[in-house]
Amino acid sequence: MARGKIQIKRIENATNRQVTYSKRRKGLFKKADELSILCDSKVSLLILSGTGKLHEYISPSTTTKQVIDQYQRTTGIDLWSAQYEGMQENLKKLKEKNRSLRRQIRQRRGEGVDNLDFGELLALDQEMEAAVQLVRERKYKVMSNQIDTTNKKLKQAKQINRALLTDGINDDSDYGLVDAGGDYDSVTGYSNGIPGVFALRLQPNQPTLHNDAESVLTSCLSSNWRVKI
């Protein structure tokens, strides 16, 4: 059966439109390739889909640039002049913006302000005051964070110190404080004219401490504490 004519209008269904685009693009590229081979011609095709995707075909014996350059020579139209002029205009705007920014930087350093009128000087002063305020707020925030960090480290160091002192007292089995009534020998000594009683007790498993008792007593005579060995 012969296929009926298709009405040439935009396909509303997105899926059908994409399928038709893909099939006809491939067919068009196939015809362009056949034309290039059969007729020894230079063919260049540029197709942009509805989504902006670029598809290109170029004859194997040439490049897209060569085809465009030949087109310009043949028609006498310079395709790049408009683009070059646009680039030059954009460059001019960027240079002017760069000069303006450099001028503002110099003014904020106190340079080049002689030609400014009162309104411009007032606006510049307000901008710099706002900038200084922001810098100060940031400085105070950084200082506050550093102080908090230092306080935390100091608190942690104190906790570690207390823990070490507590562990040192608990682990000291050679000598320590004893209560009255224990098994110890009392020794009376004087420190700055004040009598002090020192209670010493020798541990049964450490008889050699008798020899060191004199050195221990010497270090303890300035105290009124009772110490056991």
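**Close-up views of a predicted model**

**View A. Thr64 and its surroundings.** Thr64 is placed in helix 2. The model shown here and in the other views is a predicted one. The side chain of Thr64 is joined to that of Glu56 by a polar contact of 2.3 Å. When residues up to four places away in sequence are not counted, Thr64 touches Ser44, Glu56 and Ile58. Thr64 is also one of the buried residues of helix 2. Lys65, likewise found in helix 2, is exposed, with a relative accessible area of 57%. Between the C-alpha atoms of Lys65 and Ser44 the distance in space is 9.9 Å, while 21 residues set them apart in sequence.

View B. Helix 2 comprises 12 residues, 64-75. From its first C-alpha to its last, helix 2 reaches 16 Å, close to the 16 Å expected at 1.5 Å a residue. The buried residues of this helix are Thr64, Asp69 and Gln72. Seen down the axis of helix 2, the buried residues fall within an arc of 135°, so they line one face of the helix. An α-helix has 3.6 residues a turn, so residues three or four places apart point the same way. The cover over the buried residues of helix 2 includes strand 1 (44-48), strand 2 (54-58) and helix 3 (79-108). On the face turned away from the buried side, helix 2 carries the exposed residues Arg73 and Thr74.

View C. Helix 1 spans residues 14-39. At the start of helix 1, a side-chain oxygen of Asn13 comes to within 3.0 Å of the backbone nitrogen of Thr15. Arg25, Phe29, Ala32 and Ser36 are the buried residues of helix 1. Strand 1 and strand 2 are among the elements that cover these buried residues.

**View D. The largest nonpolar core.** Five residues make up the largest nonpolar core: Phe29, Ala32, Val43, Ile47 and Tyr57. Two of its members, Phe29 and Ala32, are listed among the buried residues of helix 1. With neighbours within four places in sequence left aside, Ala32 is in contact with Val43, Leu45 and Tyr57.

View E. Asp40 lies in the loop between helix 1 and strand 1, just after the helix. Although Asp40 is not a glycine, its phi is positive, at about 55°. Is this residue buried or exposed? Asp40 counts as exposed, because its relative accessibility of 72% is over the 50% cut-off.

View F. The 30 residues of helix 3 should span 44 Å at 1.5 Å a residue; the end C-alpha atoms of helix 3 are 45 Å apart, which agrees. Arg108 lies in helix 3 and is partly exposed, with a relative accessible area of 37%. Which residues does Arg108 contact when its neighbours within four places in sequence are left aside? They are Leu124, Glu127 and Met128. A polar contact of 2.3 Å joins the side chain of Arg108 to that of Glu127. The C-alpha atoms of Arg108 and Glu127 are separated by 9.2 Å, and the two residues are 19 residues apart along the chain. Just after helix 3, Gly110 takes a positive phi of about 90°.

**View G. The chain as the setting of the close-ups.** The chain contains 5 helices and 6 strands. Along the sequence, these elements follow the pattern α-β-β-α-α-α-β-β-β-α-β. Of its 229 residues, 14% count as buried. The chain exposes about 19300 Å², of which carbon and sulfur atoms supply 54%. Among contacts in the chain with a separation of 6 or more, 40% are accounted for by residues 24 or more positions apart.

How values were computed: Residues are numbered from 1 along each chain as its sequence is written. This is a predicted model: local features need pLDDT of at least 70, side-chain atom pairs count only at pLDDT 80 or more; totals for chains, interfaces and linings use all residues. Side-chain values use heavy atoms; hydrogens and water are left out. Helices (H or I, at least four residues) and strands (E, at least two) are DSSP runs, numbered from the N terminus. The expected span of a helix is 1.5 Å times one less than its number of residues. Buried means under 20% relative accessible area, exposed over 50%, partly exposed in between (1.4 Å probe, protein chains only). The arc is that of the directions from the helix axis to the C-beta atoms. Contact means heavy atoms within 4.5 Å. Accessible areas come from the Shrake-Rupley method with a 1.4 Å probe; for residues, only the protein chains shown count as cover. A nonpolar core is a set of buried Ala, Val, Leu, Ile, Met, Phe, Trp, Tyr and Cys residues joined through side-chain atoms within 4.5 Å. A polar contact is a pair of N or O atoms within 3.5 Å; within protein, one must be able to donate a hydrogen and the other to accept it, and residues adjacent in sequence count only if both atoms are side-chain atoms.
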